[in-house]
Amino acid sequence: MADTLFPKREERVPYGSGTPAGRDRKNTKGKKTGRTNRNKPTEKKRGKKDGKKLNRNALYLIGIIVILFIVFLFVRKNGSAVYIADEQVGILETRKVTAKELTATLESQLEGIVGSKVQINEKIKVEGIHIGSKEKKDVCTMEHLLPKMRSKVTYKVEAAIITVDSEKVAILANEKAANVLKQVQTDLMPKEGVAEDAEISWQEDVEVVKEFVDSTQILEQEDAVKVLESTTEATQSYTVQSGDAPYLIANEFKTTVEKLNQLNEGANLTGGIRVGQVINVPVQKPKISVKTVETQVLTAVEPKTYQTQYDDTKPSSYQKVIQQGKAGQKKSTIRITRINGEVTEEKEVDKEIIQEAVPEIIVKGTQ
């Protein structure tokens, strides 16, 4: 009966343990596993919280991006405002156009119209802008903008400027300058009497220089010829000759005695002039003069010379030709200079004797 009521010592379980002592040792790992299982629901809750936090950050970032994109659409520079000086002339729906390109295009178009190189006076500017509802009315195409710009700009034209002794005399379009000078040269040269091989030049220092000028300064060919062939009043010296009188000198130089007195202040020409006196007289000086230099080869007579011999055995009334003289012949090269057709110099520059002259010898008595 004792065996039935009391278990064996090794099978006895302490009060409150629920398992034998041996079973406690065996279930130690199970208890640890039980604690681990209790932690698993906590980790899942933390993961859900982290996921919600990430979703909120992503939505916030997306919102910022959307706002920035909307702001960009409203403030971005999607067009170009074109200005001539400070005046806006149009808006283009592009950011690829530059002021340099517009200037080059305009100048090229104007050159085709004018027939010469041009230089636009105004500064062309291009500024990037945002095209909003207010700007839409000013938007135009390049085909519409360029004609509008051509009508508003002013420009200089590359011209040919004829200078005489460094003074600007006539301004012409480039291709007309040579024609003008050729015409003036033809007008001022003598119609006949000039050799074909004559050297032709300008008396003055004449040049053609290129320069950009206002288009209103350019002359037509006919007007430029008139300007170049016009004259201006100048003075020159005159030496009084025998038989001269103030009124005669005035008539010769197409002026008045009063004008002569003005040009010779202090000389009092009315009171009298003297032979050899040098006075100032007015002349009309052309703006430009044609100089021609030609050479002529002429056959000329070389005159005979005379030689006198004296004979003291003959009376003074005695005279006898003991050798007949004879003229020779020479070939002369003469240089003739003309200014506007008038001969200003004739000079012998070379001489060749073709036939020697024979001197005539005369004997005279001295008694």
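Reader: Which residue stands opposite Ser80 in β4?
Author: Gly128 stands opposite Ser80. Bear in mind that this is a predicted model.

Reader: How many bridges join β1 to β4?
Author: Six bridges join them, and the two strands run antiparallel. Strand β1 covers residues 79-84.

Reader: What is the strand order in that sheet?
Author: The order is β2-β1-β4, in an open sheet of three strands with antiparallel pairing. Strands β2 and β4 each have a single partner strand, so one side of each is left without a neighbour in the sheet. On average, neighbouring strands here are turned by 25 degrees against each other, direction ignored.

Reader: And the sheet with β16, what is the order there?
Author: That open sheet of three strands reads β12-β16-β13, and its pairing is mixed. The edge strands are β12, residues 306-311, and β13, residues 319-323, each pairing on one side only. Neighbouring strands in this sheet are turned by 30 degrees on average, again with direction ignored.

Reader: In which sense do β13 and β16 pair?
Author: Antiparallel, over four bridges, with β16 spanning residues 360-365. Within that pairing, Gln319 has Lys364 in β16 as its bridge partner.

Reader: On to side chains. How many aromatic pairs does the structure hold?
Author: One. Tyr238 and Phe253 have ring centres 5.5 Å apart and planes at 70 degrees, so the pair is edge-to-face.

Reader: Where do the two lie?
Author: Tyr238 is in strand β9, residues 231-239, while Phe253 is in the loop between α8 (246-252) and α9 (257-263). The pair therefore ties together parts that are 15 residues apart in sequence.

Reader: Are those two buried or exposed?
Author: Both Tyr238 and Phe253 are buried.

Reader: What about Lys254, buried or exposed?
Author: Lys254 counts as exposed, because its relative accessibility is 79% and the cut-off for exposed is over 50%. Lys254 is also in the loop between α8 and α9.

Reader: What is its phi?
Author: Lys254 has a positive phi of about 55 degrees, although it is not a glycine. Most residues other than glycine have a negative phi.

Reader: Where is Asn340, and what is phi there?
Author: Asn340 is in the loop between β14 (328-339) and β15 (342-355). Its phi is near 50 degrees, a positive value in a residue other than glycine. At 23% relative accessibility, Asn340 counts as partly exposed.

Reader: Salt bridges next. What does the count come to?
Author: Twelve. One of them is between the side chains of Lys136 and Glu93, at 3.4 Å from N to O.

Reader: What does that pair tie together?
Author: Two loops: Lys136 lies between β4 (124-129) and α5 (142-152), and Glu93 lies between β2 (87-92) and α4 (99-114), so the pair ties together parts that are 43 residues apart in sequence. Lys136 is partly exposed at 48% relative accessibility, and Glu93 counts as exposed at 52%.

Reader: Which residue does Lys259 meet in a salt bridge?
Author: Glu233, with 3.3 Å from N to O. Lys259 is in helix α9 and Glu233 in strand β9, and the pair links distant parts of the chain, 26 residues apart. Lys259 is partly exposed, with a relative accessible area of 23%.

Reader: And what does Lys331 form a salt bridge with?
Author: With Glu352, the closest N and O atoms being 3.3 Å apart. This pair links strand β14, which holds Lys331, to strand β15, which holds Glu352, and the two residues are 21 apart. Both count as partly exposed, Lys331 at 33% relative accessibility and Glu352 at 42%.

Reader: Which residues are joined into one network?
Author: Glu302, Lys330 and Glu348, through salt bridges that share partners.

Reader: Last topic. Which residues make the nonpolar surface patch of about 300 Å²?
Author: Leu59, Ile62 and Val66 make that patch. Val66 sits in helix α3, residues 28-75. Val66 is partly exposed, with a relative accessible area of 43%.

Notes: Residues numbered from 1 in each chain as written. Predicted model: local features only at pLDDT ≥ 70, side-chain atom pairs only at ≥ 80, totals over all residues. Heavy atoms only, no water. Pairing = 2+ DSSP bridges. Axes fitted to C-alpha atoms, helices over the stretch in contact; angles between N-to-C directions. Patch = residues over 30% accessible without salt bridge, like charges linked within 9 Å, V, L, I, M, F, W, Y side chains within 5 Å. Areas by Shrake-Rupley, 256 points an atom, 1.4 Å probe, with all protein chains shown as cover. Salt bridge = Lys/Arg side-chain N within 4 Å of Asp/Glu carboxyl O. Buried < 20%, exposed > 50% of the residue type's maximum accessible area, 1.4 Å probe, protein only. Phe/Tyr/Trp six-rings, centres within 6.5 Å; stacked < 30°, edge-to-face > 60°.
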